[in-house]
Every structure is written in structure tokens, then in C-alpha cells.
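Please open the structure in a viewer and keep the selection panel at hand.

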Amino acid sequence: MSTLQGGCLCGKVRFKVHQPPLRTFACHCHFCQRVTGSSFYAESIFQRDAIEFNEGELRQYEHLSEGSKKKVFVHFCPTCGTTLGLTFERWPDMQALSRGCYDDPNAVQITSHIWTSSAQTGVVLPALVDCFAEARASLDGKPEQATRHEAPVMARPQ
Ligand SMILES: [Zn+2]
Ligand SMILES: [Zn+2]
């Protein structure tokens with residue numbers, strides 16, 4: 001894979017990533033709906049030290065997660081307001097980057113959908129990807145069972 005590059009809407013903040021993501025997924029939780037102002041958040045998880053930011057100013061907003069009671073840090077451009085990614089008190093070595101900020105968002109594929117139990121009406125879950133009603137693992141780290149649909153399905157009844 002070639003170096004993944006991206007940035008915010010105004011272009012002041014730019015990043016390069018030197019390793020492929022550990023995973024890329026769509027999260028339908030209420031936090032992700034709110035932070036994007038959209039239906040879900042498509043994000044990739046990387047080792048934090050694989051990401052190189054330019055000198056453009058990034059600010060952070062600190063949010064206390066309802067579920068884990070740990071902090072999530074939202075990193076955004078103060079000029080244009082784009083959310084570039086997240087870091088986590090729970091996983092200090094990891095960073096999420098917003099798939100929509102990549103110069104080519106299709107360079108990485110979404111391989112799972114999480115928190116589908118809170119997906120908005122009208123959202124369709126694709127066939128043959130791992131879907132989790134909530135997180136991929138419980139708060140104590142036990143993996144949850146994924147569901148794979150044979151054909152696309154509505155995430156919830158209209
Ligand atoms: Zn910007
Ligand atoms: Zn989420």
C-alpha cells in the first residue's frame with residue numbers, strides 16, 4: 001500500500017500515514033453521529049506513531065465516554081472545523097483518522113460496522129461485512145460475536 005495522505009477541508013492540516021490501518025469501520029454510536037453531524041463515522045485505527053501531521057494547528061475537544069467513563073479526544077481544525085480524528089484515554093498508542101479526510105477515501109475498505117443497534121433509519125448495512133450490535137468487545141475486552149448478512153439489510157425498520 002502506498003502512503004495514505006489526507007487533510008481537513010481548508011487544507012491547513014495535512015497528514016501522512018506510513019502503515020496500513022489496523023482496521024477501518026463505520027461506527028453508528030450516538031457519539032459518532034453527533035461528532036460528525038451525520039449518520040455514522042467511518043474511521044481507521046492506526047498506531048499513533050505511524051501518523052505524521054504537518055505544522056497546521058489542531059485543537060482538541062475532550063469528551064467523557066458514557067460507556068467506558070474514559071476520555072475521548074476529538075481533534076479538529078480550528079479554521080474549518082473538520083474532525084480529523086480521535087485519540088483515546090483507553091488506548092493511548094492508537095489514533096483514529098476520519099476516512100472522509102483521506103485524499104482517496106476508497107484507498108481503505110470498511111470491513112465492519114459497529115453499534116448498529118443505534119443506527120439511524122435509512123442506513124443500509126452491506127452484505128458480507130462484520131456487523132456488531134454494539135462494540136467489537138465488551139469493556140473488559142471479551143470479543144463479541146459478529147453478524148454477517150447475505151444481502152444488504154436495513155439497519156433498523158423505518
Ligand atoms: Zn481546516
Ligand atoms: Zn462511535
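Does D130 count as buried or partly exposed, and at what relative accessibility? The model is a predicted one, and in it D130 counts as partly exposed because its relative accessibility is 23%, while buried would require a value under 20%.

**Stop 1**

D130 belongs to strand β12, whereas R148 sits in the loop between β12 and β13 (153–154), so the pair ties together parts that are 18 residues apart in sequence.

**Stop 1: the sheet**

Next, display the strands as a cartoon. An open sheet is formed by 8 strands, in the order β6-β7-β8-β9-β4-β3-β10-β12, with mixed pairing. Its edge strands, each of which pairs on one side only, are β6 (59–64) and β12 (130–131).

Within this sheet, select residues 71–76 and 83–88. These are strands β7 and β8, and they pair in the antiparallel sense over 5 bridges. Which residue of β8 stands opposite V74? The residue facing V74 is L86.

**Stop 3**

C8 counts as buried because its relative accessibility is 9%; C10, at 36%, counts as partly exposed.

**Stop 4**

Move to the zinc ion (ligand 2). Its protein donors are the SG atoms of C27, C29 and C32, which lie 2.1 to 2.2 Å from the ion. The spacing of these donors along the chain is C-x1-C-x2-C. Both C27 and C32 are buried.

**Stop 2: the nonpolar cores**

Show side chains for F15, V17, F46, L84, L97 and Y102. In the largest nonpolar core, which has 14 residues, these six touch the most other members. Centre the view on F46: beyond its neighbours within four places in sequence, F46 has contacts that include L4, V17, P20, P21, I51, M94, L97 and Y102. Another core lies apart from this one; it has 13 residues, including F25, C32, I45 and F88.

**Stop 6**

The model has 4 salt bridges in total. Select D103 and R14, whose side chains meet in a salt bridge with an N to O distance of 2.8 Å. This pair links distant parts of the chain, 89 residues apart: R14 is in strand β2 (residues 14–17) and D103 in the loop between β9 (94–98) and β10 (112–114). R14 counts as partly exposed, at 29% relative accessibility.

Then select E57 and R59, which form a salt bridge with their closest N and O atoms 3.0 Å apart. E57 is partly exposed at 46% relative accessibility, and R59 is likewise partly exposed, with a relative accessible area of 44%.

How values were computed: Residues are numbered from 1 along each chain as its sequence is written. Chains are lettered from A and ligands numbered from 1 in the order in which they are written. This is a predicted model: local features need pLDDT of at least 70, side-chain atom pairs count only at pLDDT 80 or more; totals for chains, interfaces and linings use all residues. Side-chain values use heavy atoms; hydrogens and water are left out. Buried means under 20% relative accessible area, exposed over 50%, partly exposed in between (1.4 Å probe, protein chains only). Donors are N, O and S atoms within 2.8 Å of the metal (3.2 Å for Na, K and Ca); water is not among the atoms, so sites may look incomplete. A nonpolar core is a set of buried Ala, Val, Leu, Ile, Met, Phe, Trp, Tyr and Cys residues joined through side-chain atoms within 4.5 Å. Contact means heavy atoms within 4.5 Å. Two strands pair if DSSP finds at least two bridges between them. Helices (H or I, at least four residues) and strands (E, at least two) are DSSP runs, numbered from the N terminus.
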